[in-house]
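Here is a short briefing for a reader new to this structure. Look over the sequence and the model, then work through the points by topic.

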Amino acid sequence: MARYLITGIAGFIGSSLAHGLLTRGDSVRGIDNFATGKRENLSDIAKQIDFREVDLLDEAALSDACRDVDIIFHEAAIPSVPKSVVDPVTSHRANINGTLNLLVAARDAKVKRVVYAASSSAYGETPVLPKHEGMPSDPISPYAVQKLCGEQYMKSFYRVYGLETVSLRYFNVFGPHQDPTSQYSGVLAKFCSAMLRGDSPTIYGDGEQSRDFTYIDNVVAGNILAATAPASQVAGKCMNLATGKRITLNQIVEILRDLTGYKGEVTYAPERTGDIKHSLADISLAQKAMNYTPHVNFEDGLKKTVAWYRTVSSTVATAR
Ligand code: UD1
């Protein structure tokens, strides 16, 4: 049985991954500094995991956390394009310095593999769709630069030290337990909770921007595949992790009107700095390398997501 470490375990993706691994009977250690993670996300598994409150910038605590670990899922980050535009230095420290510290600690502890939460934002505004891993990257925001730099470090540590690393470029992950309360929250978390409350969703721009939204269960499954696939298939690689379909914000609002019963107006506001217009993934590399298939499609994922936001309080939707 492999021993796993999840960085950012109290976040939306990290905690979902922890639940997925525990369901399989795996042993899970996790670290988080609660910069964006929530204790509530761990409340029902607190007794089953070895949790440590650790910041990625604390090298001694990090090296301790990596001891006796086989595989690391590196989800910890300050995961926001607009936040990085407002404060690039803080997000640089967490996303680049933190990632390098983790890689050094993993190498020194002889960890076998690190699976990294990379980002589709690395592609930037390239006109070609779908976006495939062979395309040149063209990051726009500081966040995109940081996530791309993390990928390069992953590759470097495989080439130079033989630490198996896999970068998964996530495309707009959504699902239950995503925090809707910050101004930087993912758009679907914000829209679902606002429309269920009867509040107007705000669309930045004309709403014709599109995204390849990826349901959380697909991301958990993709991570487990990346952790367990033969090294010859995945080590040193970077792969898209997505659904392979795109949808515009205007279309989503119409679907959400049906699912939530919201009948009010939609507010349009100026486009966000650093935003890209369209995003769609070619997922054939992940399919070929590790047999990845997105088992939950966008519509079913959105239904499950709305159902979850309906069950939790209208403002603080984080308790498991
Ligand atoms: C980007 C990255 C993604 C990364 C995420 C972290 C791309 C393609 N994706 O997502 O890999 O994990 O950052 O933050 O770059 N919007 C509204 N109203 C709102 C909130 C958002 O209209 O209330 C719009 C945004 O302006 C954007 C779209 O919805 O056009 C999606 O925004 P968001 O959910 O924040 O994610 P991205 O910035 O696309």
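**Helix packing, ligand and backbone**

Helix α9 (residues 249-260) packs on helix α11 (residues 298-311) at an angle of about 50°, and their axes are 11 Å apart. That makes α9 oblique to α11. This is a predicted model: local features need pLDDT of at least 70, side-chain atom pairs count only at pLDDT 80 or more, and totals for chains, interfaces and linings use all residues. Residues are numbered from 1 along each chain as its sequence is written, and side-chain values use heavy atoms, with hydrogens and water left out.

**Terms for the helices**

- Helices (H or I, at least four residues) and strands (E, at least two) are DSSP runs, numbered from the N terminus.
- Axes are lines fitted to C-alpha atoms, for helices over the stretch in contact, and angles run from 0 to 180 degrees between N-to-C directions.
- Angles under 35 degrees count as roughly parallel, over 145 as roughly antiparallel, 65 to 115 as roughly perpendicular and the rest as oblique.

**α9 and α11**

- The crossing of α9 and α11 is right-handed (the near helix is turned clockwise from the far one by less than a right angle).
- From α9, I252, I255, L256, L259 and T260 meet F298, L302, K303, V306 and R310 of α11 (contact means heavy atoms within 4.5 Å).
- By class, this contact of α9 with α11 has seven nonpolar, one polar and two charged residues.
- Ala, Val, Leu, Ile, Met, Phe, Trp, Tyr, Cys and Pro count as nonpolar, Asp, Glu, Lys and Arg as charged, and the others, Gly among them, as polar.

**α1 and α7**

- Helix α1 (residues 12-23) and helix α7 (residues 216-228) cross at roughly 65°, and their axes come within 10 Å.
- α1 and α7 also make a right-handed crossing.
- F12, I13, S16, L17, G20 and L21 of α1 meet I216, V219, V220, N223 and I224 of α7.
- The contact of α1 with α7 has eight nonpolar, three polar and no charged residues.

**Ligand**

- The ligand is surrounded by 23 residues (each with a heavy atom within 4 Å of it).
- The closest are S119, V187, T202, R211 and D275.
- In the side chain of D275, an N or O atom is 2.6 Å from an oxygen atom of the ligand.
- For Q209, a polar side-chain atom lies 3.0 Å from a ligand oxygen atom.
- For N172, a side-chain N or O atom is 3.1 Å from an oxygen atom of the ligand.

**Backbone**

- Most residues other than glycine have a negative phi, and most peptide bonds are trans.
- The peptide bond from L129 to P130 is cis, with omega near -5°.
- P130 is in the loop between β5 (113-119) and α5 (142-161).
- H177 has a positive phi, near 80°.
- H177 is in the loop between β7 (173-174) and α6 (187-197).

Definitions and conventions
Polar contact = N/O pair within 3.5 Å; in protein donor to acceptor, adjacent residues only side chain to side chain.
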